[in-house]
Amino acid sequence: MKRIEVEGTRIAFHDHGAGPPVLLLHGFPLTSESFRPQLGALAGKLRLIVPDHRGFGESGPAGAEATEMSRIARDALAVLDALGIRRAVVGGVSMGGYAAMAMLREDAGRVAGLILIDTQAAADDEAGKARRADTAKAVEARGTQALVDAMLGKLVSDRCPPAARDAVERMIRAQSPEGCAAAVRGMALRPAGHDVLSRFAGPSLVVVGEQDVITPPAKAQELAKLLQGSRLVEIPGAGHLANLEAPGPVNEAMAEFARSLPAALFNG
Ligand code: MLT
C-alpha cells in the first residue's frame with residue numbers, strides 16, 4: 001500500500017491498475033480489503049484507488065473526536081491530490097457511500113461519476129443516533145466482539161459464501177475499537193444526502209443486494225430517483241456487502257459503467 005500524511009495522520013491506500021480512475025470508499029467496520037474482489041478483477045480495466053479510512057486498516061488512528069464523513073471525504077481528496085488526479089469516479093459501499101456524498105458536499109467538481117453500493121441518502125433519526133451512541137460505548141467496553149455480535153449477521157446474507165463471511169469477520173476483529181467508535185459517532189452526525197444527490201449532474205450507478213437488511217432495495221430506489229439518469233442494479237440473493245458476496249455481477253456493472261464514461265469527464 002502507498003501512504004501519505006494528511007494533517008498529521010497516515011492515510012494508506014491501494015493504487016492499482018490502469019484506466020479511468022475509480023476511488024472506492026469502504027464500509028463500516030471494514031477496510032480496503034473489502035474491495036479485494038474488485039482489486040483482483042477490475043485492475044486490468046480501471047485505475048482503482050482504495051484508501052483505508054483513518055482509524056481503520058493500515059491508516060493512522062482516528063483520534064478522540066468523531067470521524068465525520070466530511071473528514072473521510074477530505075482524506076480521500078488528499079489522496080487524489082497526492083496522485084495528481086483532478087477527477088475520479090467515486091464509489092462507496094454503505095458508510096463509504098455516506099463519505100461519497102460528503103465528497104459531493106466538499107467538492108462536487110472532483111466527482112466524475114458516482115457508484116453507490118448498499119447505502120442510503122437518509123440521515124439517522126433520533127432513535128438511530130441513540131443506537132449509534134450505544135454501539136460506540138459497547139465497542140469501547142467490549143472491543144470489536146461487540147460489532148461481530150451485533151453486525152456480522154446483518155452485513156452478510158444467509159447465502160454468503162463462507163470464505164467471504166470469514167473475511168468480513170476477520171476484518172471486523174482486526175480493527176481498533178477506538179477507530180470503530182469514532183466512525184460510529186461520525187455516522188450519527190452525517191447530514192442527509194438528498195440535496196447533494198439531486199444536484200449531482202454526472203453519471204451514476206446504484207447497486208444493491210436484494211437481501212440487504214441494513215440498506216434494503218427501497219433505499220437504493222430512493223437514491224436512483226434522486227440521481228438524474230442513474231442506472232439501478234439489484235443483485236439477486238446478495239446481502240449488504242454485495243461487492244463481496246456477488247463480485248461477478250457487481251464488477252460487471254462497475255466496469256460497464258466506467259467504460260461508458262467519456263474521457264473528457266475526467267479532465268474537468
Ligand atoms: C456500513 O456497512 O458501512 C454500515 O452498516 C452503515 C451504517 O451503519 O449505517
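## The ligand and its surroundings

In the ligand site, an oxygen atom of the ligand lies 2.9 Å from an N or O atom in the side chain of serine 94. The model is a predicted one, and each distance given here is therefore a computed value taken between heavy atoms, with hydrogens and water left out. Two further residues bring polar side-chain atoms to oxygen atoms of the ligand: for tyrosine 98 the distance is 2.6 Å, and for histidine 240 the distance is 2.8 Å. Taken alone, the ligand exposes 270 Å², and the protein buries 93% of that area.

Which residues surround the ligand? The shell is made up of Gly27, Phe28, Ser94, Met95, Tyr98, Arg132, Met151, Leu155, Met187, Ile214 and His240. By class, this shell holds seven nonpolar residues, three polar residues and one charged residue. As for the place of the ligand among the open spaces of the protein, the ligand sits in the largest pocket. Helix H3 (95–107) and helix H5 (145–155) are the elements that give two or more residues to the shell around the ligand.

## Pockets and a cavity

Rolling a probe the size of a water molecule over the atoms shows where empty space is left.

| Space | Volume | Lining by class |
|---|---|---|
| Largest pocket | about 720 Å³ | 15 nonpolar, six polar and eight charged residues |
| Second largest pocket | about 160 Å³ | eight nonpolar, three polar and three charged residues |
| Largest cavity | about 40 Å³ | five nonpolar, one polar and three charged residues |

The largest pocket, in which the ligand sits, is lined by 29 residues, and Arg131, Arg132, Met151, Lys154 and Ile214 are those that lie nearest its centre. The elements that give two or more residues to this lining are H3, helix H4 (126–142), H5 and helix H7 (177–188). The largest share of the lining of the largest pocket comes from H4, which gives five residues. Arg132, Met151 and Ile214 are also among the residues that surround the ligand.

The second largest pocket is lined by 14 residues, and those that lie nearest its centre are Met69, Ala102, Arg105, Arg190 and Pro191. H2 and H3 are the elements that give two or more residues to the lining of this second largest pocket. Which element gives the largest share of that lining? The largest share comes from H3, with four residues.

The largest cavity is lined by Ile11, Leu25, Pro51, Asp52, His53, Arg54, Ile72, Asp75 and Ala76. Helix H2 (residues 69–82) gives the most to the lining of this cavity, with three residues.

## Two details of the backbone

Most residues other than glycine have a negative phi, and most peptide bonds are trans. Against that background, two places in the model can be looked at in turn. The peptide bond from phenylalanine 28 to proline 29 is cis, with omega near -5 degrees.

Where is glutamate 7 placed? Glutamate 7 is in the loop between strand S1 (2–6) and strand S2 (9–16). Phi of glutamate 7 is near 45 degrees, which is a positive value in a residue other than glycine.

Key: Residues are numbered from 1 along each chain as its sequence is written. This is a predicted model: local features need pLDDT of at least 70, side-chain atom pairs count only at pLDDT 80 or more; totals for chains, interfaces and linings use all residues. A residue is near a molecule or strand if one of its heavy atoms lies within 4 Å of it. A polar contact is a pair of N or O atoms within 3.5 Å; within protein, one must be able to donate a hydrogen and the other to accept it, and residues adjacent in sequence count only if both atoms are side-chain atoms. Accessible areas come from the Shrake-Rupley method with a 1.4 Å probe; for residues, only the protein chains shown count as cover. On a 1 Å grid over the protein atoms alone, a cavity is a set of points where a 1.4 Å probe fits but cannot get out, and a pocket is an open set with protein on both sides within 12 Å along at least five of seven lines; lining residues have an atom within 4 Å of a point. A molecule sits in a cavity or pocket if more than half of its atoms lie within 2 Å of its grid points. Ala, Val, Leu, Ile, Met, Phe, Trp, Tyr, Cys and Pro count as nonpolar, Asp, Glu, Lys and Arg as charged, and the others, Gly among them, as polar. Grid points are joined across faces, edges and corners, and a volume is the space filled by probe spheres set on the points.
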